[in-house]
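Please open the model in your viewer and keep the selection tool at hand. The stops below say what to select next and what is there.

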Amino acid sequence: MKRVLILGANGQIARVAIDMLLKDTNVKLTLFLRNAKRLKHIAQNNNVELVEGDVLDKVALKLAMDNQDIVYANLSGNLEAQAKTIVEVMNQTGIKRLIFISSMGIYNEVPGEHYGSILDPYRKSASIIEASELDYTIIRPAWLNNQDEISYETTQKGEGFKNASASVSRKSVADLVMKLVSTPTLGVHQSLGVHKA
Ligand SMILES: NC(=O)c1ccc[n+]([C@@H]2O[C@H](COP(=O)([O-])OP(=O)(O)OC[C@H]3O[C@@H](n4cnc5c(N)ncnc54)[C@H](OP(=O)(O)O)[C@@H]3O)[C@@H](O)[C@H]2O)c1
């Protein structure tokens, strides 16, 4: 049984990923979110545990990380402080595998576009993770939509972002998360751009 801790579990991509992951009976999910009431309906599943907490609370985070195999962070807001805290507590608890949702544009990899300071939290958090000893995968999606489709391709760090003018579905990003969870060696030490196919 693989144990996955989802940080920011009420996030929109996370909620789609949770549905997909729960179809895989070999996964046990710990859903970490600021207001646990919002996912009460999912907690009826035997393979789900709900934990209420803020990612910046190291004590709560450490408790939630006990016995986990994979941390999947689906966060927004102060991503720099969040990434620092996550890396620190993962180092303390000895968990190696981190999947972290970021954004396209953090390396100026979108042809013809320069995204300014709005992406600073994404850039800074990615640098912290890339400088760590963790087995990370950073996911850099294009603009997101809620369409019920799985249609995406990926690019590596160093490559230009493809098809940046089209949005990609959250379901596609969730599919990538699911593949990373189920295939331990996939995407390790990579930062993947995700665009609509
Ligand atoms: N919109 C786009 O087109 C686009 C494109 C590329 C990348 N992105 C980025 O991709 C990421 C994931 O996307 P999404 O749609 O799933 O985002 P989302 O729905 O905004 O989810 C982010 C989650 O992070 C949680 N969170 C924030 N600070 C937290 C903290 N200190 N402790 C615990 N939880 C915290 C929020 O919790 P609460 O529910 O409690 O507020 C929220 O549920 C976001 O950073 C988003 O900006 C977006």
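**Before you start**

This is a predicted model, in which local features need pLDDT of at least 70 and side-chain atom pairs count only at pLDDT 80 or more, while totals for chains, interfaces and linings use all residues. Residues are numbered from 1 along each chain as its sequence is written, and side-chain values use heavy atoms, with hydrogens and water left out.

**Stop 1: the sheet**

Select the strands, which, like the helices, are DSSP runs numbered from the N terminus (a helix is H or I with at least four residues, a strand is E with at least two). Eight of the strands form an open sheet with mixed pairing, in the order E3-E2-E1-E4-E5-E6-E10-E8; two strands count as paired if DSSP finds at least two bridges between them. At the edges stand strand E3 (48-52) and strand E8 (152-155), and each has a single partner strand, so one side of each is left without a neighbour in the sheet. From one strand to the next the twist averages 20 degrees, where axes are lines fitted to C-alpha atoms, for helices over the stretch in contact, and angles run from 0 to 180 degrees between N-to-C directions.

**Stop 2: E1 and its partners**

Now select E1 and E2, which pair in the parallel sense over six bridges. Leu-5 stands opposite Thr-30 in E2, and Arg-3 stands opposite Lys-28 in E2. Follow the chain from E1 through H1 to E2, and you trace a right-handed β-α-β crossover; right-handed here says that, with the strands pointing away from the viewer, the path from the first strand over the helix to the second runs clockwise. E1 also pairs with E4 in the parallel sense, over four bridges, and the bridge partner of Ile-6 in E4 is Tyr-72.

**Stop 3**

Select strand E6 (residues 135-141), where six of the seven residues are buried (buried is under 20% relative accessible area, exposed over 50%, partly exposed in between, with a 1.4 Å probe and protein chains only). E6 pairs with E5 in the parallel sense over five bridges, and five bridges also join E6 to E10, again running parallel.

**Stop 4**

The buried residues of H4 are Arg-123, Ser-125, Ala-126, Ile-128 and Ile-129, and they pack against H3, E5 and E6 (contact is heavy atoms within 4.5 Å). Helix H3 (residues 79-93) lies across E1, E4 and E5, and runs at about 170 degrees to E5. In H5, the 13 residues should span 18 Å at 1.5 Å a residue, and the end C-alpha atoms are 18 Å apart, which agrees; the expected span is 1.5 Å times one less than the number of residues.

**Stop 3: the cores**

A nonpolar core is a set of buried Ala, Val, Leu, Ile, Met, Phe, Trp, Tyr and Cys residues joined through side-chain atoms within 4.5 Å. Select Ile-6, Ile-18, Leu-29, Leu-31, Tyr-72 and Ile-139, which have the most contacts inside the largest such core, one of 40 residues. Elements that give two or more residues to this core include strand E1 (2-7), helix H1 (12-22) and helix H5 (170-182), and the largest share, seven residues, comes from H1. Apart from this core lies another, of 28 residues, among them Leu-61, Met-65, Phe-100 and Tyr-136.

**Stop 4: two single residues**

Finally, select Lys-96 in the loop between H3 and E5, which counts as partly exposed at 41% relative accessibility. Not counting residues up to four places away in sequence, Lys-96 touches Met-90, Glu-133, Leu-134 and Asp-135. The C-alpha atoms of Lys-96 and Tyr-136 are separated by 7.7 Å, although the two residues are 40 residues apart along the chain.
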